[in-house]
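Here is a short report on one protein model. Please keep the sequence and the structure in view while reading.

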Amino acid sequence: MINIKWAMHIVYILQGKDVRELEHMIRQNGITIKDAMGLKGMKNCKIIAGNRGLYNTISKVNITADPDFADWVDAGEFLLTTAYSFKNEDIAIQKELIKNCAKKGLAGIGIKIYPYLDKLPEEVLDLADELDFPIIDIYHETPLSDIMTSIFKEIFNKQATLLQRIENVHEQLMNVVLSGGDVNDISRVVYENLQNPILINLEFNDNVLMGLEELPEDVRIEILNNYGRFYNGIDKVREKKFNETVEIITGKHVRRMVMPIIVKNNVYGHMFTWALKTPLGGFDLSILEAASTTIALEVLKQLSIRDVENRHRSEFIEDLLSLDVNRQKKAMEKVSVFKLEPDRQYKMIVVQLENQDNKMADELLQKVSLLNNDTEGLVEGLKLKAFIVNKTDSLYILLSLTKECNSEDKINNFCSQLEKVLLRRLNIKDFKIGVGRSYWGLSKVYKSYIDAVKAIISGELIDSGSVIHFEQLGIYKILCQDYLSEELERFYQVTISKLVEYDERKSTELVKTLEAYFLNNGNLKKLSEELYTHYNTTLYRIQRIQAITGMSLDNHKDRLNLEIALKIKKILRK
């Protein structure tokens with residue numbers, strides 16, 4: 001047993017796996033109490049209580065003469081002892097010992113009752129029956145070492161057989177890889193060995209189902225619902241560890257195993273199985289472990305292909321959006337490669353994610369890559385035509401506006417659906433979607449891109465939500481033009497710069513009062529209510545604003561200039 005265990009330890013360590021998973025597997029693949037009762041070493045031994053625990057698994061055997069053993073026994077152990085200590089203890093202490101055994105998860109206890117006692121008290125046996133904890137009366141002439149040896153030998157043989165079965169599964173999976181098989185082929189190997197339904201969910205593939213079609217309709221529906229509920233807990237979904245629970249399926253308790261599929265230290269999906277036909281144990285866990293590693297290799301291969309494709313797309317879009325004539329010409333020479341038509345109407349949509357902590361860089365890259373896949377699915381579902389590129393913290397979507405998808409409603413619907421996808425994928429609201437204007441011809445796409453970027457920048461200023469259309473920016477559409485930056489600065493200086501400086505120097509709120517003045521259309525009563533100030537205080541502030549700026553709010557030209565100046569202040573981030 002020790003050699004087998006250490007061999008498995010070495011394999012797991014080389015694979016970078018948690019040795020605790022190995023311990024779990026070994027516990028699952030011991031022998032049952034019922035198996036042990038049939039061994040030669042257990043001849044003439046009888047089970048006298050806890051019959052419902054006959055299928056408890058023995059992972060190892062321990063011997064004790066001390067009743068105070070609770071701190072040094074482990075779950076899955078079969079404990080051997082004598083009734084020597086029992087004869088000196090009252091019934092309450094004996095019952096407490098049985099409770100502790102059951103609480104620690106021991107498989108059972110074997111007690112050599114004779115010649116120390118004629119029998120155990122009925123109260124002790126009744127408690128063991130209640131706890132489903134097996135008590136075996138060890139025949140008085142049988143050495144405890146013989147029992148230990150026979151059980152260890154049986155466990156060793158079973159684990160040797162298990163290793164052989166695991167090796168066979170590894171060979172099957174390796175053959176799938178070498179023959180160019182895909183996730184469906186891998187899942188078929190898993191299903192044939194588990195004999196239980198499995199479901200594989202990958203982030204950018206359709207779900208793979210095996211064995212569900214053989215189940216009754218109500219069970220199949222319950223299984224799919226159970227699978228769906230797993231993804232309600234975002235934290236649980238992103239955990240990089242094996243998950244094993246007992247679920248209720250059509251009123252019955254069913255064991256479920258969920259193995260994460262990890263690539264580049266990120267979770268890209270999960271493999272599910274339910275013990276509907278046969279029990280799930282350590283062998284099944286080993287199969288899932290091996291299959292998840294094999295699927296991870298397949299995912300890595302697909303990711304590498306996608307990375308290469310995206311790199312070419314990224315180089316193309318950068319050239320296309322460049323203001324350099326030569327780079328634009330270079331891009332136009334490649335349009336046929338990407339199946340784009342030069343003479344068509346296009347619209348650029350840019351998704352910008354908030355800058356993330358450097359520690360989250362890998363996770364952000366994964367999310368953006370998966371967003372690309374989600375967006376492709378959305379485009380296909382809405383029957384649109386788009387060219388999509390993902391960058392480090394952004395997504396570029398070039399919509400080709402055919403007659404079928406050139407309506408404002410359809411584009412608005414796409415943006416709305418895209419926002420929902422982002423919320424679901426990121427679980428945060430720290431993103432903006434900028435929508436540029438439509439332009440005819442690929443050579444003018446850079447203008448739509450500039451519009452989309454300006455929409456994102458201006459959208460932050462006017463707090464217009466996550467989706468910002470350049471066409472809906474109003475006067476900001478004019479004010480955010482780069483060539484106007486010097487003029488905007490001059491306009492700001494001659495209008496409200498003195499007011500801003502006064503607020504900073506005197507700790508007043510005159511700029512806030514002026515902003516509220518325009519929001520309330522010059523209604524001083526509403527303005528007072530919003531600012532929670534007395535009407536006379538509000539009137540005094542308005543007079544101070546006019547005195548400091550030298551402009552009158554009764555003059556429509558001055559009023560317009562002050563309102564525009566406030567917008568310019570936001571653009572200049574003053």
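## A cis proline

Pro115 sits in the loop between β6 (108-112) and α5. Helices (H or I, at least four residues) and strands (E, at least two) are DSSP runs, numbered from the N terminus. The peptide bond from Tyr114 to Pro115 is cis, and its omega is near 15 degrees. Most peptide bonds are trans, and most residues other than glycine have a negative phi.

## Basis of the model

The model is predicted: local features need pLDDT of at least 70, side-chain atom pairs count only at pLDDT 80 or more, and totals for chains, interfaces and linings use all residues. Residues are numbered from 1 along each chain as its sequence is written, and side-chain values use heavy atoms, with hydrogens and water left out.

## Positive phi

Asp132 has a phi near 55 degrees, a positive value in a residue other than glycine. Asp132 belongs to the loop between α5 and β7 (135-137). With a relative accessible area of 28%, Asp132 is partly exposed. Here buried means under 20% relative accessible area, exposed over 50%, and partly exposed in between (1.4 Å probe, protein chains only).

Lys339 also has a positive phi, near 55 degrees. Its loop runs between α11 (325-332) and β13 (345-353). Lys339 is exposed, at a relative accessible area of 69%.

Which residues gather in a patch of negative charge on the surface? They are Glu122, Asp126, Asp129 and Glu130. Patches are made of residues with over 30% relative accessible area and no salt bridge; like charges are joined within 9 Å, nonpolar side chains (Val, Leu, Ile, Met, Phe, Trp, Tyr) within 5 Å. Accessible areas come from the Shrake-Rupley method with a 1.4 Å probe; for residues, only the protein chains shown count as cover. Lys and Arg count as positive, Asp and Glu as negative; His and the chain ends are not counted. The place of a charge is NZ of Lys, CZ of Arg, CG of Asp or CD of Glu.

Asp126 lies in helix α5 (residues 122-131). Its relative accessible area is 44%, so Asp126 counts as partly exposed.

## Salt bridges

Side chains of opposite charge can pair when their charged atoms come close. A salt bridge is a side-chain nitrogen of Lys or Arg within 4 Å of a carboxyl oxygen of Asp or Glu. How many salt bridges does a search of the whole structure find? The search finds 18.

One of them pairs Glu123 with Lys95, with the closest N and O atoms 3.6 Å apart. This pair links distant parts of the chain: Glu123 is in helix α5, Lys95 is in helix α4 (residues 91-104), and they are 28 residues apart. Glu123 is partly exposed at 44% relative accessibility. Lys95 is partly exposed at 25%.

Glu214 bridges to Lys277, and their closest N and O atoms are 2.6 Å apart. Glu214 is partly exposed at 46%. Lys277 is partly exposed at 42%.

Arg327 forms a salt bridge with Asp319, at 2.8 Å between the closest N and O atoms. Asp319 is buried, at 6%.

## A nonpolar patch

Met174, Val177 and Leu178 make a nonpolar surface patch of about 310 Å². Leu178 lies in helix α6 (residues 144-178). At 66% relative accessibility, Leu178 is exposed.

## Cysteines

A disulfide is a covalent bond between the sulfur atoms of two cysteines. The cut-off used is a pair of cysteine sulfur atoms within 2.5 Å. By this rule the structure has 0 disulfides. Cys45 is buried, at 10% relative accessible area. Cys101 is buried too, at 0%.

## Helix α21

Glu563 is in helix α21 (residues 556-571). Its relative accessibility is 32%, so Glu563 counts as partly exposed. Glu563 and Ile496 are 67 residues apart in sequence, yet 9.8 Å apart in space, C-alpha to C-alpha.
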